[in-house]
Amino acid sequence: MKSFTFSTARGNTYVYNDKNGFIFPAGQVRDYHACPAPEKKPEALPGQVQDYLLTKGYYQLILETTQRCNLRCRYCYYGDYYKSTRNHSSDSMKFSTARKVLDDYMTHYRTIRNKNPFRKANISFQGGEPLINYGLLKETVNYCSQIYGDCEVNYTVTTNGVLLYDDILDYLTDHNFGIIVSLDGDKPGHDRNRIREDGSGSFDQAFQAIERLRKRHPGYHRLGISVRLDYLSDLDALDAFVTENKLFVTDLSMVSPGETDYYRQFSPEDKLRFYRQLSRLREQYFQAAKEGSVSLHRCSLLLPLFSSGYEMFACHPVMQEMRPSFFPYTGSCIPGEKIFASVDGTYHMCEKISSHFPIGDAEHGLDYRKIAGYINQFNSFAGRCSDCRITRFCSLCMAQAADHTALSLPSAYCRDKKACVKDTLTLYTECLEESPCAFDRFTREYLEERSRITGSLPY
Amino acid sequence: MYFHLYNHCIFLTGIAGGVLYDLSSGEFTGLEKQECSWLEAAEKGEAIQDNDFYRELEKMQLGFYSDKPCYIDKLRESSPLLQVHRDLKSYKIQIAVLQLTGRCDIEGDNCRDYFCPPCRQGDSSAKDLPAERWFSIIDTLSDAGASSFLLTGGNVLLYKEFDAVLRYLKKKDVSVSILLPRLDPAHPQLFREHILLFPCSSRQTEKKKYHDVTVYCPETADPQAIEHWKHNGYRILPVQLSSAPISEASLVPCTLERYEGRKNGDLCLSGKIYVDCSGNLIPCLQGNQHPVGSLLQEPFYLLYRRLIEAFWDVPVRPHKKCSSCQWYYSCPSCRFTDAAARCRIYPEEREEVLLSPEHSLEHCAFLSRLHT
């Protein structure tokens with residue numbers, strides 16, 4: 001059977017059945033509504049991909065307004081640590097390019113809106129530092145409101161905060177932008193990595209921008225911060241900083257380890273200290289969940305740190321596979337659900353994948369044939385998945401699997417993921433044995449709030 | 001000693017008792033007040049005193065014993081968390097029903113008595129929409145994902161440009177059926193003939209040129225009338241009238257699909273688009289007094305949104321006592337019929353019960369996460 005067992009501290013033994021995605025007490029396992037991963041995925045055809053994307057795709061458009069940046073963060077994707085992504089450059093997107101991209105996206109959005117009338121168009125501005133090309137941002141918004149005034153558009157911008165002058169703040173809030181400021185914690189924590197070319201930190205300007213926004217627009221509800229961690233991050237200090245300043249963390253993740261030697265700089269002691277802090281905070285989270293004392297405001301860091309665990313537990317697909325059969329075994333999104341348009345108008349799956357996997361361009365739109373090819377390539381290397389006991393939890397995405405030229409399974413991924421899934425199921429089941437409803441309410445609140453600010457898919 | 005229901009079993013308390021739904025088989029079991037108390041204690045994870053009731057549940061394969069409280073991963077079609085975002089939900093148009101005309105040349109018993117699938121007589125003096133309008137409506141609905149169309153009326157064959165509409169639909173990759181009111185003069189009882197026109201199915205009756213015909217008749221129809229239609233080789237399907245009383249005998253099996261559908265919205269209306277003979281988008285022909293707007297005047301996506309917000313995503317509680325009724329998930333009530341008058345399970349309005357929180361559907365702590 002495609003399953004594994006795990007035991008909780010209480011002494012109960014459970015079986016996770018990957019055929020239907022449910023957890024059963026040992027001895028009570030059922031196979032109903034079972035749908036195990038097929039041995040061989042059917043080939044994805046361009047027509048099928050197109051049909052799918054014209055119903056569920058075009059969820060978010062990200063415009064790379066410029067590749068210029070006024071910072072040189074040590075862990076930047078476009079810095080020296082990452083070999084397969086582009087380097088820093090001075091290229092910026094022209095409005096003529098942005099217009100073509102917008103026309104393509106919004107035309108398809110209108111089609112999809114007839115199938116799901118609650119769909120909004122989600123347009124995000126990223127960079128480099130997107131506010132360096134602030135003029136393009138304004139032109140884009142004006143163009144949208146003139147030509148696509150019948151469409152509900154949700155704008156967001158991800159910025160390092162250094163250029164958030166008052167007039168820009170006013171403009172962004174007037175147009176109800178989701179504003180996500182990259183802020184890695186208090187001054188020491190932030191300035192350790194988020195520096196200018198001359199090595200000086202950027203905390204003062206970034207944090208002051210947040211304070212000015214709050215003063216000029218009290219109660220503005222679409223403000224969040226994005227945090228990157230590494231083994232020198234002081235989680236306790238970060239927790240205190242975020243809680244004290246009532247900051248909403250929309251995104252919190254480790255500096256990406258993929259294809260980089262960034263983590264060689266840390267000692268085993270650094271790593272141990274970090275994980276001890278994490279472990280202590282995790283205990284705090286579970287204890288608070290059992291007591292019912294978790295809320296968006298009282299636990300500002302705990303939710304972004306640990307809610308993904310419960311998301312994984314509660315949101316994994318169950319019963320029959322509802323997605324089209326050509327979908328990857330893993331939870332990878334389909335290229336075209338999100339579209340990252342780089343400065344020259346080339347379309348990519350997202351902002352994290354290397355530039356060697358384009359999926360279309362502003363002239364011709366999405367290339368469904370190419371997308372089908374990537375899906376088939378992705379499915380072909382994941383051939384072991386039919387035997388896997390955690391297919392419904394797997395979150396391997398194409399960006400994680402991409403190197404310079406091909407999609408391939410990262411070597412330790414399966415082993416690490418299996419260990420993580422078992423650990424997560426055990427932890428959460430232990431808590432749910434005592435309190436079955438412990439996590440639903442606040443996890444839902446956090447996901448809703450996060451999606452409201454960022455405009456992106458909630459999970 | 002502890003007792004747990006299996007994950008496919010949903011326990012609800014309601015007015016003067018409770019029910020245990022087996023979502024795997026669709027069967028349900030009514031429970032007395034004392035049985036509800038026992039089961040509530042078990043579901044809360046409290047230690048139990050074994051008795052015949054628990055043993056019976058175990059025998060019926062609805063639950064099991066354990067020596068410690070354990071976690072039960074309740075059967076769910078989709079996680080409650082996945083329902084937070086309407087823009088992620090899959091709204092699909094299962095069928096588009098086009099009332100080409102409100103005119104009818106047939107008058108019979110039960111004509112005004114509604115039963116599904118529907119035709120409904122409208123104002124016979126009203127002008128029908130020209131075919132070009134219907135072509136535009138068909139384009140809009142098929143672009144929105146409708147792959148199945150039902151043409152109805154009044155008597156749909158009275159629509160002058162019927163053939164033109166049929167030809168237009170045939171060019172699209174959709175299935176098309178029509179609904180015809182039928183009356184046998186010897187037995188003045190209205191029947192409805194549902195004929196699948198294309199694509200052709202493999203079933204074929206020798207006596208009819210059409211390939212797939214079903215005749216719907218009220219279940220209270222004269223047996224002789226039913227015999228008449230059977231004699232002609234038709235497949236007969238008896239259906240409930242909208243005025244039929246709702247009793248325990250009329251409760252329907254509750255599978256997971258029905259449970260999720262009733263919990264989150266209107267299972268009957270969801271997925272169906274009705275366009276009346278004036279071009280209004282309506283929830284259904286029985287609810288034609290509640291149009292959400294005119295397709296001739298407003299964009300489809302706006303009307304579609306209103307339809308979903310006002311009807312599809314709104315659980316059916318035709319009467320306030322329905323919020324406390326444990327039979328809700330098996331009840332065949334329709335939001336446009338007078339469920340209060342039809343209900344024979346709880347015919348009186350028991351205000352004192354409605355006000356009592358322990359009889360609300362939200363009482364059971366274990367189930368609180370399943371009810372928003």
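The following legends describe close-up views of a predicted model.

**View 1. Confidence of the predicted model, with attention to chain B.** The model as a whole has an ipTM of 0.87 and a pTM of 0.89. In chain B, the mean pLDDT is 82, and 84% of the residues reach 70 or more. Over residues 202-210 of chain B the pLDDT falls below 50, and this stretch has 13 contacts in the model beyond near neighbours in sequence. Residues 350-372 of chain B also stay under 50 in pLDDT. For residues 350-372 of chain B, the model has 55 contacts beyond four places in sequence.

View 2. Helix H7 spans residues 300-312 of chain B and comprises 13 residues. Its end C-alpha atoms are only 16 Å apart, whereas a straight helix would reach 18 Å at 1.5 Å a residue.

**View 3. Ser90(B) in a loop of chain B.** Ser90(B) lies in the loop that runs between strand E5 (63-66) and strand E6 (95-99). Ser90(B) counts as exposed because its relative accessibility is 56%, above the cut-off of 50%. Between Ser90(B) and Ser175(B), the C-alpha to C-alpha distance is 21 Å, and the two residues are 85 apart in sequence.

**View 4. A stacked aromatic pair in chain A, Phe6(A) and Tyr14(A).** Over all chains, a search of the whole structure finds 55 aromatic pairs. In the pair shown, the ring centres of Phe6(A) and Tyr14(A) are 5.7 Å apart. The planes of these two rings meet at 20°, so the pair is stacked, the limit for stacking being under 30 degrees. Both Phe6(A) and Tyr14(A) are buried.

**View 5. An aromatic cluster with residues from chains A and B.** The cluster includes Tyr285(A), Phe286(A), Phe306(A), Tyr310(A) and Phe313(A).

**View 6. Arginine charges over the ring of Tyr328(B).** The charged end of Arg262(B) sits over the ring of Tyr328(B), at 4.2 Å from the ring centre. The charged end of Arg317(B) also sits over the ring of Tyr328(B), with a distance of 4.1 Å to the centre.

Notes:
Residues are numbered from 1 along each chain as its sequence is written. Chains are lettered from A and ligands numbered from 1 in the order in which they are written. This is a predicted model: local features need pLDDT of at least 70, side-chain atom pairs count only at pLDDT 80 or more; totals for chains, interfaces and linings use all residues. Side-chain values use heavy atoms; hydrogens and water are left out. Helices (H or I, at least four residues) and strands (E, at least two) are DSSP runs, numbered from the N terminus. Buried means under 20% relative accessible area, exposed over 50%, partly exposed in between (1.4 Å probe, protein chains only). The expected span of a helix is 1.5 Å times one less than its number of residues. pLDDT is the predictor's confidence in each residue, from 0 to 100. Contact means heavy atoms within 4.5 Å. Rings of Phe, Tyr and Trp (its six-membered ring) pair if their centres lie within 6.5 Å; planes under 30 degrees apart count as stacked, over 60 as edge-to-face and the rest as tilted. A charge sits over a ring if NZ of Lys or CZ of Arg is within 6 Å of the ring centre and within 35 degrees of the ring normal.
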